[in-house]
Amino acid sequence: MRGFWGTVIKEMLLLIRDIPGLILLFAMPMVLILVITLSQENAYESISDNKIQLLFIDNDRKELGLTIEKGLNESGYFDIIKTFDNKEISVEKANELISSGAYQVGIIVPEGSTLLAEDRADAIIRFSRDSTQIINRNNTPLGDIQLSFDPAIRDSYKNSVTASLKRLIQAAEFQILLNRFFVLLPDELNEQAKVPIKRELSRQLGLMEEEFNRELRVRMGEYAPEDLKIEAPDRNPEIDLKEDFGKNLEFDFKTDSENLVRVREVYAKNQEAVLEPTLVQNNVPAFALFAMFFIVIPLAGSMLTERSQGTYNRLRTLPVTYLTILGGKTLVYVIVCLTQLGIMILTGIHIIPAISDLPALEMGDSYFSIFIAAISCAFAAIGFGLLVGTMSSSQSQAGMFGSFMVVILAILGGIFLPVYMMPEPLRYLSMISPLRWGIDSFLDLFVRNGDLVTIWDNILRLNLFFVVALILALRNFVKRK
Amino acid sequence: MQALIKVSGLKKSYKGNPMPVLKGIDLEIKRGEFFGLLGPNAAGKTTLISIMCGLLKITEGKVHIHGQEVGNNNFAIKQLIGLIPQEIALYPTLTVVENLRFFGQMYGIRRKALEKRIEECLELLKLHAHADKRISNCSGGIRRRANLMCGLIHSPEIIFLDEPTLGVDAQSMNLIYEYLRKLNSEGTTIIYTTHYMREAESLFSRVTIIDDGFIIANSTPARLLEEHPNCRDLGEVFIKLTGRELRD
């Protein structure tokens with residue numbers, strides 16, 4: 001029992017004397033919880049609190065566009081963006097901004113949409129007067145609204161936004177339909193009233209004629225001609241009138257086939273885009289990158305083992321530059337990272353489609369760009385590992401700090417939850433995460449069909465991060481007591 | 001003879017500790033000397049060796065090796081020296097040969113010459129039978145011998161040995177002594193720290209005793225015994241000079 005309590009006291013003393021370890025032990029989970037909770041806030045609140053930035057291009061500038069815009073404004077869910085760099089956003093610019101991932105959603109109302117919708121409404125309102133109207137209705141073109149999405153957008157998010165936008169569009173359709181109904185109603189009533197009135201007049205004339213004939217026969221007596229006959233009325237005029245009006249006053253515009261506007265959902269693409277966004281296209285690069293950054297654990301671990309075993313001091317007496325020593329480590333771990341990525345890609349191409357209904361990963365044809373992105377991500381991950389390895393004073397510290405930081409950087413980088421679904425402060429904070437630079441590069445290549453020109457800024461950031469981390473690691477490595 | 005290593009006015013303090021570890025060391029070590037550095041625990045022996053190897057920053061004073069100032073990652077000095085630290089500074093998951101090869105490569109020895117040198121090293125310290133054993137699977141004696149050879153793979157002119165026989169059996173210890181004597185007889189300068197006074201008597205051509213950051217004796221073992229006629233051996237001289245009080 002003494003041994004047990006002795007061990008307890010020893011472990012307690014070791015723990016409370018490791019101040020950085022204690023900070024990591026208690027502060028890091030708190031930070032983790034905060035970051036995860038904040039970043040997922042939107043996922044639970046759907047699209048209610050944080051506004052979705054939506055590019056709105058209204059080339060129609062009439063009722064349809066105006067009603068949709070009013071609805072978007074009144075819903076409070078959307079932040080309508082109509083200008084970029086103080087210029088009105090064109091359809092081409094919107095496509096460019098959305099396909100590049102700068103914005104996730106756009107709505108395009110083409111010129112003449114309202115007129116088309118009104119024509120369609122007129123055709124629907126009049127459809128039952130005679131059979132030619134049905135033909136007319138089917139031949140009337142629909143207004144055409146385009147919902148444009150970032151190719152890298154998550155399906156759940158897209159569905160949620162689409163449902164909201166479709167409800168708004170339906171409201172606009174109904175508004176147009178109602179307006180047209182009241183515009184057409186007086187003419188329609190006049191037109192439709194003509195038939196029963198004529199018929200009634202004719203019937204009344206017929207009745208008058210009958211009455212006249214009867215009176216005439218009575219008065220003429222035996223002089224009356226043979227063909228002078230009385231035909232008694234066989235219908236109740238009141239019922240006839242109702243039936244006539246009722247038949248002609250039917251309006252049916254409730255079915256789906258009778259929408260005024262066709263809503264097209266498209267993924268914004270650059271001109272040569274061929275890749276279709278899928279879960280595999282998103283998840284394979286995201287989690288490959290996540291795994292890549294976990295290189296921090298073995299890398300930092302190996303450095304700290306060297307330090308604790310004395311090989312670190314021996315290395316420092318060798319006639320080689322410290323850059324040589326760290327460079328050697330970097331090369332080995334770059335190979336490890338690239339192997340990791342290769343395995344993940346092969347999994348996406350061969351294993352996922354084999355064991356599920358999901359499609360295989362498509363990599364496009366920018367192999368060189370993918371290689372550059374992969375190697376830059378590997379460098380950034382290794383830079384981070386070297387930094388943690390030279391900053392930490394024990395393996396447990398490096399392990400805890402390293403893994404917590406990777407998880408936090410991954411959350412901020414949008415590995416688990418897309419950045420556009422995060423609250424605004426976190427969206428800005430995500431810009432400092434190397435994992436975001438990496439995932440953006442891979443999504444540009446795998447989903448948006450980008451190339452080296454598209455991803456150059458993120459590649460630069462990743463490599464700069466590596467250089468800065470390496471300089472700091474070297475500084476820590478050579479620092480003599 | 002000109003000093004190979006010259007230490008002048010050396011002081012060393014560690015951050016957060018106001019008491020300096022070395023309080024003004026002046027020392028000269030000549031080429032070909034088997035120089036013993038003795039002192040009680042925390043006297044500053046390892047600190048002095050670490051400074052001479054460029055591992056620690058000098059607070060005050062200067063250290064020159066071959067006329068060149070130590071520090072600032074001086075490659076010329078690094079090529080001259082070999083450090084055998086107290087701890088087994090080897091990679092436990094690598095074999096004896098793999099460790100030797102790694103350190104040999106780091107000293108820039110060419111492949112053929114390196115393989116020849118590795119063979120020599122294995123032969124000299126009787127490591128052949130254990131050449132392909134991982135360090136983690138080797139006994140303490142083999143680890144010590146491998147640790148020694150990794151510091152000598154490049155045949156340095158100056159060797160710093162910090163308690164190299166710690167925890168080694170008599171047979172291994174004897175083998176290590178023989179090898180070091182051979183190297184010294186061939187002209188290698190050896191700076192050696194130990195707590196074993198017999199080692200000091202049998203190996204060292206000159207002994208320096210440091211205590212509490214100062215040099216308190218600097219002479220040959222024979223001269224020290226002459227200077228303290230009441231002492232039967234170097235151990236007694238050491239106790240007489242440093243006292244019986246326990247050290248931290």
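This report describes selected helices, salt bridges, surface patches and backbone features of a predicted model.

Helix H9 of chain A covers residues 279–293. Its 15 residues reach 21 Å from the first C-alpha to the last, close to the 21 Å expected at 1.5 Å a residue. H9(A) is mostly covered, since eleven of its 15 residues are buried. Among these buried residues are Val280(A), Val284(A), Leu289(A), Phe290(A), Met292(A) and Phe293(A). The buried set also includes Gln281(A) and Asn282(A).

Helix H14 of chain A runs over residues 395–413. With 19 residues at 1.5 Å a residue, H14(A) should span 27 Å, and its end C-alpha atoms are 26 Å apart, which agrees. Buried residues of H14(A) include Phe404(A), Val406(A), Ile408(A), Leu409(A), Ile411(A) and Leu412(A). The glycines Gly399(A), Gly402(A) and Gly413(A) are also listed among the buried residues of this helix. After H14(A) comes Gly414(A), which has a positive phi near 90 degrees.

## Salt bridges

Side chains of opposite charge can pair when their charged atoms come close. Over all chains, the structure holds 14 salt bridges.

| Pair | N to O distance | Location |
|---|---|---|
| Glu74(A) and Lys70(A) | 4.0 Å | helix H3 (residues 63–75) of chain A |
| Lys93(A) and Glu96(A) | 3.5 Å | helix H4 (residues 91–99) of chain A |
| Lys11(B) and Glu60(B) | 3.9 Å | strand S1 and strand S4 (residues 60–65) of chain B |

How far apart in helix H3 are Glu74(A) and Lys70(A)? They are four residues apart, which is about one turn of the helix. An α-helix has 3.6 residues a turn, so residues three or four places apart point the same way. Both partners count as exposed: Glu74(A) has 59% relative accessibility, and Lys70(A) has 52%.

The pair in helix H4 follows a related pattern. Lys93(A) and Glu96(A) are separated by about one helical turn because they are three residues apart in that helix. Lys93(A) counts as partly exposed at 26% relative accessibility, and Glu96(A) is likewise partly exposed at 46%.

In chain B, Lys11(B) forms a salt bridge with Glu60(B). Lys11(B) lies in strand S1 and Glu60(B) in strand S4, so the pair ties together parts that are 49 residues apart in sequence. Lys11(B) is partly exposed, with a relative accessible area of 32%. Glu60(B) is also partly exposed, at 44% relative accessibility.

## Patches on the surface

Which residues gather in a patch of positive charge on the surface? They are Arg475(A), Lys479(A), Lys15(B) and Lys57(B). This patch therefore draws on residues of chain A and of chain B.

A nonpolar patch is formed on the surface by Val453(A), Trp456(A), Leu460(A) and Leu464(A). Together these four residues have about 450 Å² of accessible area. Trp456(A) belongs to helix H17 (residues 452–478) of chain A. Because its relative accessibility is 52%, and exposed means over 50%, Trp456(A) counts as exposed.

## Positive phi angles

Most residues other than glycine have a negative phi. Asp85(A) is placed in the loop between strand S3 (83–84) and strand S4 (87–88) of chain A. With 63% relative accessibility, Asp85(A) counts as exposed.

Ala42(B) is exposed, with a relative accessible area of 64%.

Phe34(B) and Val207(B) are 173 residues apart in sequence, while their C-alpha atoms are 8.7 Å apart in space.

Key:
Residues are numbered from 1 along each chain as its sequence is written. Chains are lettered from A and ligands numbered from 1 in the order in which they are written. This is a predicted model: local features need pLDDT of at least 70, side-chain atom pairs count only at pLDDT 80 or more; totals for chains, interfaces and linings use all residues. Side-chain values use heavy atoms; hydrogens and water are left out. Patches are made of residues with over 30% relative accessible area and no salt bridge: like charges are joined within 9 Å, nonpolar side chains (Val, Leu, Ile, Met, Phe, Trp, Tyr) within 5 Å. Accessible areas come from the Shrake-Rupley method with a 1.4 Å probe; for residues, only the protein chains shown count as cover. A salt bridge is a side-chain nitrogen of Lys or Arg within 4 Å of a carboxyl oxygen of Asp or Glu. The place of a charge is taken as NZ of Lys, CZ of Arg, CG of Asp or CD of Glu. Helices (H or I, at least four residues) and strands (E, at least two) are DSSP runs, numbered from the N terminus. The expected span of a helix is 1.5 Å times one less than its number of residues. Buried means under 20% relative accessible area, exposed over 50%, partly exposed in between (1.4 Å probe, protein chains only).
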